[in-house]
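Student: I would like to go through this structure by its definitions. Please set each value against its cut-off.

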Amino acid sequence: MARGKRADLHPSSARVERLLARFHQIRDFTNSLCAGLEPEDYVVQSMPDVSPTKWHLAHTTWFFETFILKKFVRGYRAEVPEYAYLFNSYYNAAGDMHRRDLRGLISRPTVREAQRYRASIDSHIDNLLSGGGERLLDEIEPIVVLGIHHEQQHQELLLTDIKHVFSLNPLYPVFRERNINIAAGKVVPMRFVEFEETTATIGHDGRGFAYDNEGPRHQALIPRFSLASRPVTNGDYIEFIEDNGYTRTEFWLSLGWMTVNELRWQAPLYWTKRDGAWWNFTLSGFRPVDESEPVTHVSYFEADAYANWAGARLPTEFEWERAALDCPVEGNFVEEELFHPAAVAVASAVSADKSAQDQRLHRMFGDVWEWTRSSYAPYPGYRAVPGALGEYNGKFMCNQYVLRGGSCATSRTHIRRTYRNFFQPEKRWQFTGIRLARDPQ
Ligand SMILES: [Fe+2]
């Protein structure tokens, strides 16, 4: 019996160590992203979609406190009960919440207090996991893992939000200093890779973590199509601008046309024309647009209009997932700390021949989220789980489009082939980009 007991304890402590190591690694990475920020940077909310950095720090902490400590620590008492209201985002089942568009008006708790709150909750999580048995761990582990993925999503938002905040400052603050050389020369030409009609298995297979919206796994008929070998670059997109793409109604969805005119869009977000040349604001400062980088900060409307102009269309999410099956999940993710899409390979005379025969898809993962023409909808048989955590994905399945592949602000350990991101069609502040698809010619 004694031996059996020891055998029970041993795997548990290794499991706890692994889980805690991952937990701390993700929590520390959030802190490291803030390393160059000053206290004044943490509190600005530049538009309703943007949350202040301080709010991200506290909200991700609230998630662990609400869904783990309050549920599993007997007699747990929150040090500051009001944080339940202030740092709840949208979980109605978890209680009332502060107005999202007023997050920038909150000067207290201070940045230092938000950091203290993080450290305090982290040590409670440490104690709970280290002191619990195997059965408790079985219950808590899936929620800790969900909290880790939740935090990774907020790391991406933290970056795109601070980019928007800085972009409105005439001093153009630099988030992270980098030496970026503008690539010279022409990028490899875009080719179209053919896919035959097939019935594909769509959705997550249940091995490892996935969000509930990636299931149930099901069969989908995908007619013949072809998919572009690489994302659309800034150079490609400038041709659309110079061909008066933004003022030619024939390329635009009705709602897109209204939006373009109302908001007077003439280029992707963060682009400005100076002395006849395009410049853009990046997390490394204001610099000339590099034509060889994948275009980013475009809305669904712009992506769709560009595709129409190019005689193509956007892929469905099912086409994308089927095509991604053969692609390794690698690319320019947040771990590279480039915080910007990387230049697409420049074609040389020597490689031109080779690239013409290359039938692979490039840059499916990382760099920019790729808009699909699929509405964000439940897969057949999908039901959100009851309770607050069921509010994570299901209730947003209306008026949004699916994006695939992750971006330069996404963690490598967060993205999957089946991962479904979603945003409203007019949103531009995420690292969103374009990959073209075509029907059989
Ligand atoms: Fe959240």
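**Domains, a helix pair and a proline**

Tutor: The protein chain is divided into domain 1 (3–167) and domain 2 (192–438), with bounds from an automatic or database domain assignment. This is a predicted model: local features need pLDDT of at least 70, side-chain atom pairs count only at pLDDT 80 or more, and totals for chains, interfaces and linings use all residues. Residues are numbered from 1 along each chain as its sequence is written.

Student: What makes residues of domain 1 and domain 2 count as in contact, and how many are there on each side?

Tutor: Two residues are in contact if their C-beta atoms, placed from the backbone, lie within 7 Å. By that test, 17 residues of domain 1 touch 18 residues of domain 2. Helix 5 gives the most to the domain 1 side, with 10 residues.

Student: Why is helix 2 called roughly parallel to helix 4?

Tutor: Helix 2 (residues 53–72) and helix 4 (residues 111–131) pack at about 30 degrees, with axes 9 Å apart. Angles under 35 degrees count as roughly parallel, over 145 as roughly antiparallel, 65 to 115 as roughly perpendicular and the rest as oblique. Therefore helix 2 is roughly parallel to helix 4.

Student: Why is P142 called exposed?

Tutor: P142 is found in helix 5 (residues 134–167). A residue is buried if 20 or more other C-beta atoms lie within 10 Å of its own, exposed if 12 or fewer, and partly exposed in between. P142 has 11, so P142 is exposed. The C-alpha atoms of P142 and F209 are separated by 8.5 Å.

Note on methods: Axes are lines fitted to C-alpha atoms, for helices over the stretch in contact, and angles run from 0 to 180 degrees between N-to-C directions. Helices (H or I, at least four residues) and strands (E, at least two) are DSSP runs, numbered from the N terminus.
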